[in-house]
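Subject: Structure handover

Hello,

Here is the structure I promised to pass on. Please open it first, then read my notes below.

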Amino acid sequence: MNYYSTNRRAAEASLKEAVVRGLAPDRGLYMPGRIERLPESFFREMPGLSFVQIACRVAEAFFGEDVDADALQRIVTDTLSFDAPVVRVEDRVWSLELFHGPTLAFKDVGGRFMARMLSYFLGRGGDRVTVLVATSGDTGSAVANGFLDVEGIDVVVLYPKGKVSEIQEKQFTTLGRNITALEIDGTFDDCQRLVKAAFMDRELGERLSLTSANSINVARFLPQAFYYFNAYARLREAGLSGPIVVSVPSGNFGNLTAGLFAKRMGLPVKRFIAANNRNDIFYHYLQTGNYEPRPSVATIANAMDVGDPSNFARILDLYGRSLEAIRADISAARYDDEQICRAIAETLERTGYLLDPHGACGYLALCEGLREDETGVFLETAHPAKFRDRVEPVIGRSIEIPARLAEFMRGKKLSVELPADFETFKKYLIGESDI
Ligand SMILES: *Cc1c(COP(=O)(O)O)cnc(C)c1O
């Protein structure tokens, strides 16, 4: 299958080209040339199938033409070495828990899948590739851990100094080996800008083979559709038959867009809710029809502190740039830190379920927007222990740290500090920097 750019000024690419490049040469995002509608029979049979079985079928629809069937099955199976259960929180409200992977956030799915896919393609070519990734918190750890010790690949993680939690930071700065962490004196948007500039720089392009592991990469972004299908299967298995609404805590909008793809493939989700924190660019877009990116502001749900969400271009493209069509499938809500904290405390008190700050946005948006006949699922995108510094004071007790998280905390931070300046970053990448 070919992939086209959302800007439509670059030639179509093969899957391998799209995965290796990340961003299209015209700065657009790659889109699959076709979105296969899965047969009714699949949706009927799904409740009896496992997460991996469901994911294999979905993966085949996207990648089946370009990756050997055995290899694809192995990539999916290796990626999903953990579950994504749907847990009942209260009447009609369910949590799709996406924090059971190695770094305790949903990005493990895309990060692990992409690492395996890239290694599959490179294994045949023998080139060395540098993966650049800007992170607002959780991408860096998922990608770094997904790629750790993968042959032929170097990973450079850029993150904003002082703007990620200590636990997040430890998960990608302590690894060493083929992973380098750059602590940028700036915001997440600065990090994202540096990464984009690197792809546009001719000299860098000649000296290094660069790719991105942000949610712009199709190999990271599309596999996120897997767990939407799984959630549907598990809810049907639990005997729920009404319309399903999915609420997605959103920053760069990769996760939500993957859900929209699932719907386009026939998954019976009635509608989606995009839950924002104070970085509410998408909320405003739905209100006014104007997309007005703004510098991001720091919030307690820091992995959603994005002022110019990359995947907005994909949403526009998917809906033929029609605001009306977008509004028919997606509504939006936004919450400030105070509302998020209150929701965490009250939900724990009332239901016994502990939300993380991102999941709390999804939960609030769902509870506010759910109608009588609907069943709602919100994506619990990270484990609350990743944000314990902020969550513990809110709930007034300590959170138990899962063992795999405690392990990271014992490591030593090995970051390199850089200013948010492209020339310095470029020199560092080509090894001419004295930093
Ligand atoms: C990355 C992230 C988000 C936002 O996901 P997008 O795909 O960028 O919209 C939400 N919650 C957590 C915990 C994250 O790590």
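How many disulfides does the structure hold? The count is 0. Keep in mind that this is a predicted model.

Take two cysteines, Cys341 and Cys361. A disulfide needs two cysteine sulfur atoms within 2.5 Å. For Cys341, the closest cysteine sulfur is in Cys361, and it is 10.0 Å away. That is too far for a bond.

Now the overall fold. The protein chain contains 20 helices and 13 strands. Its C-alpha atoms fill a box of roughly 60 × 50 × 45 Å along the principal axes. The chain has 435 residues, so a compact globule would have a radius of gyration near 22 Å. The protein chain has 20 Å, which agrees.

Next, the packing. Of the 435 residues, 61% count as buried. Consider the contacts with a separation of 6 or more: residues 24 or more positions apart account for 75% of them.

Last, the surface and the charges. The accessible surface of the protein chain comes to about 16,500 Å². Carbon and sulfur atoms make up 45% of that surface. The side chains include 51 positive and 59 negative ones. The centres of these two sets lie 2 Å apart.

Best wishes

Key. Residues numbered from 1 in each chain as written. Predicted model: local features only at pLDDT ≥ 70, side-chain atom pairs only at ≥ 80, totals over all residues. Heavy atoms only, no water. Helix = DSSP H or I, 4+ residues; strand = E, 2+ residues; numbered from the N terminus. Rg over C-alpha atoms; globule rule 2.2 N^0.38 Å. Buried < 20%, exposed > 50% of the residue type's maximum accessible area, 1.4 Å probe, protein only. Contact = heavy atoms within 4.5 Å. Areas by Shrake-Rupley, 256 points an atom, 1.4 Å probe, with all protein chains shown as cover. Lys, Arg positive; Asp, Glu negative; His and termini not counted. Charge placed at Lys NZ, Arg CZ, Asp CG, Glu CD.
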